[in-house]
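Trainee: I would like to go through this model and ask what lies behind the terms used for it.

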Amino acid sequence: MENVLTSEGLHFGYHNRNIVENFGLSIRKGEMASIVGPNGSGKSTVLRLLTRLVRPNKGIVYLEGEAIALMNTKQVARKLTMLPQTQDPNLDLTVRDLVKQGRHPHLKWYEECRNEHEDAVDWALQMTDMTKLQHRSLYTLSGGERQRAWIAMAVAQTPHTLLLDEPTTYLDVAHQLEVMELLQFLNRKQGITIVMVMHDLNQASRYSDRIIAMKDGKLVSQGSPAEVFLPDFFSQVFGIEANVYEDEGKPVYTPRGLAISRKWEELHV
Ligand SMILES: Nc1ncnc2c1ncn2[C@@H]1O[C@H](COP(=O)(O)OP(=O)(O)OP(=O)(O)O)[C@@H](O)[C@H]1O
């Protein structure tokens, strides 16, 4: 299958400390993949390297076969969108104006967002069920609605590949599912390749074709959820003992406790 995003031998560090080491990955066209791993393992940094928000010290990223470092900004933005972990909650913009920004990579410098671009904005608002809220200011929206507005902006950009850093953080469980179902719809029905950093491993299992696991800046395991989410994985990568069972054909885990329990009684506080 065709690869849309490939990295070879990526290295990145701050102040002589390695954050990402020898990271090689191929994202296949049409897949929905989750990057998982403990806090500080380098997941967000990998997303930033893949979208060239930061430059690697070594290694190369190819976007649809071209070295991303040599592409111009609009070329990249027509193919790839990244939604960062946090967006400014006080941004004084209406939903529609935010979504319109998604069309910028498709406009010539002299062109205004009209006609087919307005149609793309309407389509993105419909896809994300935001039409009714399009004239509201972003800061008046709930967390779930705001997240959908940002996804609408990404959809209006009509990228081939969408990267999201923890898209369900701060959302209640219904809104989490709403975002995950929307991403699944965009993937399955619109053919958008999706790569997301996920902390909820059960949701990652349910919604991903592939799990990519990181620890200490390295890729340590990858494969289908059933191939990766084995009891040993939870102890080796997260340091927890877990029961793993199957639910509707996907692995689900419940934590039993820390693999090496901390001796709280020995701490003098
Ligand atoms: N600007 C920076 N300067 C120095 N160290 C940094 C900087 N940004 C990130 N780091 C360090 O790089 C490491 C990896 O961070 P990163 O955010 O990629 O991890 P992560 O796996 O996404 O973590 P989390 O799950 O907590 O979001 C962390 O130890 C972090 O402290």
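Mentor: Start with the domains, whose bounds come from an automatic or database domain assignment. This is a predicted model, and the protein in it is divided into domain 1 (3-228) and domain 2 (231-269).

Trainee: What separates the centres of domain 1 and domain 2, and over which atoms is that taken?

Mentor: The centres, taken over C-alpha atoms, are 29 Å apart.

Trainee: How many residues of domain 1 are in contact with domain 2?

Mentor: Two residues are in contact if their C-beta atoms, placed from the backbone, lie within 7 Å. On that basis 13 residues of domain 1 are in contact with seven residues of domain 2. On the domain 1 side, α7 (201-207), β9 (210-215), β10 (218-223) and α8 (225-228) each supply at least two residues. The most comes from α7, with four residues. By class, this side of domain 1 has seven nonpolar, four polar and two charged residues.

Trainee: What makes β11 and β12 a pair?

Mentor: Two strands pair if DSSP finds at least two bridges between them. Strand β11 (residues 240-247) and strand β12 (residues 250-258) are joined by eight bridges and run antiparallel, so they meet the requirement of at least two. Tyr245, for instance, has Val252 in β12 as its bridge partner. The two strands form a hairpin with two residues between them, and Glu248 in the turn has a positive phi of about 50°.

Trainee: Which helix gives the most to the shell around the ligand?

Mentor: That is α1 (residues 43-50), with three residues. The residues around the ligand are Tyr14, Ile19, Gly37, Asn39, Gly40, Ser41, Gly42, Lys43, Ser44 and Thr45.

Trainee: How does that shell divide by class?

Mentor: It has two nonpolar, seven polar and one charged residues. Gly counts as polar in this scheme.

Trainee: Why is Thr158 called partly exposed?

Mentor: A residue is buried at 20 or more other C-beta atoms within 10 Å, exposed at 12 or fewer, and partly exposed in between. Thr158 has 18 C-beta neighbours inside 10 Å, so it counts as partly exposed. Its place is in the loop between α5 (143-156) and β7 (161-165).

Trainee: Where is Glu166 found, and what is its phi?

Mentor: Glu166 is found in the loop between β7 and α6 (173-190). Its phi is near 50°, again a positive value in a residue other than glycine. With 18 other C-beta atoms within 10 Å, Glu166 is partly exposed.

Notes
Residues are numbered from 1 along each chain as its sequence is written. This is a predicted model: local features need pLDDT of at least 70, side-chain atom pairs count only at pLDDT 80 or more; totals for chains, interfaces and linings use all residues. A residue is near a molecule or strand if its C-beta atom, placed from the backbone, lies within 6 Å of it.
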